[in-house]
Amino acid sequence: MIAPRSTLRVALDLPSAMPGVWHADALGAGPQSAQPTGYALLDAQLPGGGWPVGAMSEVLQPMVGLHEWQLVLPALAQAVARRVGAVVVVAPPCEPFGPALRAQGLPAQRLCVVRPDNAKAALWAAEQALRCRDVLAVMAWLPQALPAALRRLQLAAAQQQQLLWVFRPVRAAPQASPALLRLQVQGLALPGDAVLSPGMQVQILKRRGPPLVQGLDLPGCHPRLAQVLAAQAARRRAAQGVTGATAVRHSAVPALTMRPVLAPGRGAPERRGHALDRTAVAMVR
Amino acid sequence: MHWIALPLPWCDEPAAPPGAAVQAAAAGWWALRFTPRVALVDGDAVLLEVSTTERLWGGRDALRAQVLQAWADASGGPPAHTATREVRVQPPGTQTAWGCGPTALVAQAWLRMAQAGRVPPGQGVEPGVDGLPLHTLTALRPHVASLERMGCRTWGALRALPRAGVARRFGGQVLRVLDQALGDAPEAHAWLELPEQFVLTAELPALAESADALLWSASRCLAALQGWLQARQQGAVALELAWRHDLRRIDGVAIAPTQALPVRTAQATQDMAHLRRLLSENLARTALAAPVNQITLRLLESAPLPHRSASLLPPGDLVGGGRDDPASAPGEALHQLLERLSARLGSSQVVAPVLQADHRPEHMQQWRPATEVLNHDRAHPGTPAADTHAPDATLWPTWLLRPPRRLAVQGNRPCHHGLLRLLAGPHRFEAGWWSAAGEGAGDPGHSCAGLALRDYFVAHNDVAGLVWVFRERWVPPAGGAMQEGAMQSAFTAAQPHRWFLHGVYG
């Protein structure tokens, strides 16, 4: 929706002998290697053009379980395809669904889930995973971690050049963090009867570069799911146009077979042709 | 013939009779990887005959440096990491007393001189042995006093005496030992041999009250195990640490005389650091039933260690190629990580998914201990498990709730952090009739536990985001299939649909 600021420029006139120094209005391009996120909009705003490799990326979210995979999975799929190594998931909020992850590029045999009992064990497990040379990426949910503990993770990640995402609640935003990159992600409110599929808004709280005022709007679900949702919404609106005329005829349809396609509670009865509609959905898929 | 003599890496107090022989022999196992001819003499020295193998190890000096290094590792033991590091940094040989010579007795004599501080060790050995004092030969010790009274103090002086007179006065043994020492008569040694099975028993220096205290003695046993493995060119796969309780009963409750802790690793290893970490993680979670006075380390399973192809380029190590890693990258391997995590957190807490061919989402994946799954995959990389790609898998959520969470219903609409709007669906779904009722496979609270009859929807609201919910469908009661439509509608009207949250598009 909102175009990214075009005033960003990469520091070319700085002496290259000074690593870690960049113009205040440009993105810091250091020796840090990066893994493209899979979203061009986001890549353009991140120093190096992606998630930093060998450093911690902190993601703040209003509710656990929302948008993590959507944000991380494209980059993870690329990394998994390119390099060997396992992906360790520490203290996830629920169970990762293997078939869906595999369909989006993360094979199940590369995934390992650690479910520690307490926050201290979670930190320990994440740090141990970062010290392992066969681990490609670590995703950790650490709601209560202290900055000192996060700093340990950051140093461990730098040692083995791994991807590290730490997911924390939004209320941790005022705390100091050693993360190289801090993002805040939240769902976009869906306007009343929109055809649009739900999206997510990413705000960059901290990066090597100027602060970003506006958030970035990214797709909130897989493109194929978005297609299906759009198709269904279009069909529903078409159906609503027709039902006004045919409502009287079909008032005797048994209650058991209606309701599912329409949003319940809207009160409009359904067309008789909904079974055909369903096959049409299957074909779209 | 070239002999190297070293003191025993550790000298225990006289141990209990059953374990004493094995324990003493274990002190020399570390040397067997350099040469098959190792002998323990007089209970205080290890002798290595290296003339046949020194070429393999890159010459006499290089071999001696490695032997001294191995000795330092065996004696310093794992707990004293800093001490071992120091030895490694300094040129080896400056601290250790050692001796070498063309015969075993000469080497042992120089070792004794070095131990007494008479010869600065490490400065090589001058060829003349005539100046060695007589007490350096064990067999001559009873006669040292009388020989000294005759003014005979050194080997040379003894050799200069008339042989017939010496034999008459001190016995033929003295002359034979002198001849053996000077290389004029053959020596016979009882060579050290490895036992077929590795079982090492150690008495604890003090009663151990906590499991942690066992670790100190266990690490010494591990050092002996390392020597055993290196000499046999094997790697350990499974170990068992057993301990014997000092008390038979506490407060009238009988306790088992022994208790054992098995430890397994996925890949055969000679790396004792990993085994020690596994042991310590397991011991930290173990409570001793009673104080312990004896431990036994037993090797349950070992596998031949494949020979690594040596690099043409020298490794960056100072000491030589003796301690190179198979994968020279720093950090530990994946199986080591998984074993360590499982040891501390429990193997049910470190899991990996195994995909199954099933239509029910909760049965599409099964969580198994990661140490089994990931290592198995590595061992058989050519067999991908259940590679059936469902066509609409991209429409499924990335998080799955197990078990499905019951949702409140408000006006026929499900609620999860507010009312949900159904965006897509239904995806009608009927499966699982074949599974037994006991498996609990079906929907919670269903009359027919195996059968799952559901309509899946993609739903949304602004707080919960995109979620995957299902509505349980009405199940016709068994036997009453021929019901009238009016009856059915009455039934459903009486019992509203139940909604469940089954997944989150995270």
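Analyst: Happy to! One term to begin with: a residue is called buried if 20 or more other C-beta atoms lie within 10 Å of its own. Keep in mind that this is a predicted model.

User: Good to know. What percentage of chain A is buried, then?

Analyst: Of the 285 residues in chain A, 41% are buried.

User: And how many helices and strands does chain A have?

Analyst: Chain A has seven helices and eleven strands. Taking its contacts between residues at least 6 apart in sequence, 64% link residues at least 24 apart.

User: Nice. Switching to chain B, what's in there?

Analyst: You'll find 13 helices and 18 strands in chain B. Its length is 506 residues, and 36% of them are buried. For contacts with a separation of 6 or more, 65% come from residues 24 or more positions apart.

User: Let's zoom in on W3(B). Which strand is it in?

Analyst: W3(B) sits in strand β1 of chain B, which covers residues 3-7.

User: Is W3(B) buried or exposed?

Analyst: W3(B) is buried, because it has 24 C-beta neighbours inside 10 Å.

User: Which residues does W3(B) contact, beyond its sequence neighbours within four places?

Analyst: Among them are L47(B), L48(B) and E49(B), and also C100(B), G101(B), T103(B), A104(B) and A107(B).

User: How far is W3(B) from G99(B)?

Analyst: In sequence, W3(B) and G99(B) are 96 residues apart, while their C-alpha atoms are 8.2 Å apart in space.

Methods. Residues numbered from 1 in each chain as written. Chains lettered and ligands numbered in written order. Predicted model: local features only at pLDDT ≥ 70, side-chain atom pairs only at ≥ 80, totals over all residues. Helix = DSSP H or I, 4+ residues; strand = E, 2+ residues; numbered from the N terminus. Buried ≥ 20, exposed ≤ 12 C-beta atoms within 10 Å, placed from the backbone. Contact = placed C-beta atoms within 7 Å.
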